[in-house]
Amino acid sequence: KDLVSLAIMKLTYGRNLGMVKHPAYLRGLPYISDNFIALKVDKVIDLEEGNKMMVDFDLGRFNMLDTSGYSIIYFDDSLVETGYVADKDIFWRELSDIFDILSSHFPPDKIARKYHPFLTTDKAIIRVGEVLPDFIPAELLYNKNVKLYLSVASNSIVNVEEGKVVSLINLVTLSNGELTKRTKESLIQRSHSEILFPQSLDEFERILIDLKGQSDLKR
């Protein structure tokens, strides 16, 4: 599948395009070779320099949607479509159990769901909360009033700096344990804040109870 995909990409975008394997992904990813960058790109900004440039950058001024009315935003990963999940029925049951707990502590109008653009995730699987537009980047949905950002393993949670961040990766069944381990490591390495990884539904519910208690105290 990767070879066929690579051949199509080369025919579409040019022979310099390659493919790279990333430890957190099962499938190959499109990649521009170092040789091409050295020949064609005038300047490469590395991660350290890029982070320095972004220190005083106010992303909030580009916000396209007011999410201040939500307490929780869930970022969907489209894990079934991307091959992370071996049994979609089990996965969807696990997500349903998670959202049943979530809805028992927070009203539906305080919960929002953001799906990955261009992928065909069945949005009817989860019925709790309001669906945000797919095309808006996750970073433009962050808001200081949002208390909790949820996902299994979406990159959307690694850039959160304010609010609590929870990965549900230990509460769902992925294709194998090694994939779960590598994905967790990748999230931790790239995260801008602490990510919580509850080991059970009870632990997840305790996080929600504590969060709701803190919100009630601030009123």
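Rings of Phe, Tyr and Trp count as a pair when their centres lie within 6.5 Å. With that in mind, welcome to these close-ups of a predicted model. Across the whole structure, a search turns up three aromatic pairs.

**View 1. F75 and Y149 make a stacked aromatic pair.** The ring planes of F75 and Y149 stand at 5°, under the 30 degrees needed, so the pair is stacked. Their ring centres are 6.3 Å apart. This pair joins distant parts of the chain, with F75 in strand 3 (residues 72-75) and Y149 in strand 6 (residues 148-151), 74 residues apart. F75 has 1% relative accessibility, so F75 counts as buried. Y149 also counts as buried, because its relative accessibility is 1%.

**View 2. The charged end of K184 sits over the ring of F197.** Look for the charged end of K184 at 5.2 Å from the centre of the F197 ring.

**View 3. A nonpolar patch lies on the surface.** Its members are I45, M53, M54, F57, L59 and F62, which together have about 550 Å² of accessible area. Take L59 as one of them: this residue belongs to the loop between helix 3 (47-53) and strand 3. Is L59 buried or partly exposed? L59 has a relative accessible area of 31%, so L59 is partly exposed.

Key:
Residues numbered from 1 in each chain as written. Predicted model: local features only at pLDDT ≥ 70, side-chain atom pairs only at ≥ 80, totals over all residues. Heavy atoms only, no water. Phe/Tyr/Trp six-rings, centres within 6.5 Å; stacked < 30°, edge-to-face > 60°. Helix = DSSP H or I, 4+ residues; strand = E, 2+ residues; numbered from the N terminus. Buried < 20%, exposed > 50% of the residue type's maximum accessible area, 1.4 Å probe, protein only. Lys NZ or Arg CZ within 6 Å of the ring centre and 35° of its normal. Patch = residues over 30% accessible without salt bridge, like charges linked within 9 Å, V, L, I, M, F, W, Y side chains within 5 Å. Areas by Shrake-Rupley, 256 points an atom, 1.4 Å probe, with all protein chains shown as cover. Salt bridge = Lys/Arg side-chain N within 4 Å of Asp/Glu carboxyl O.
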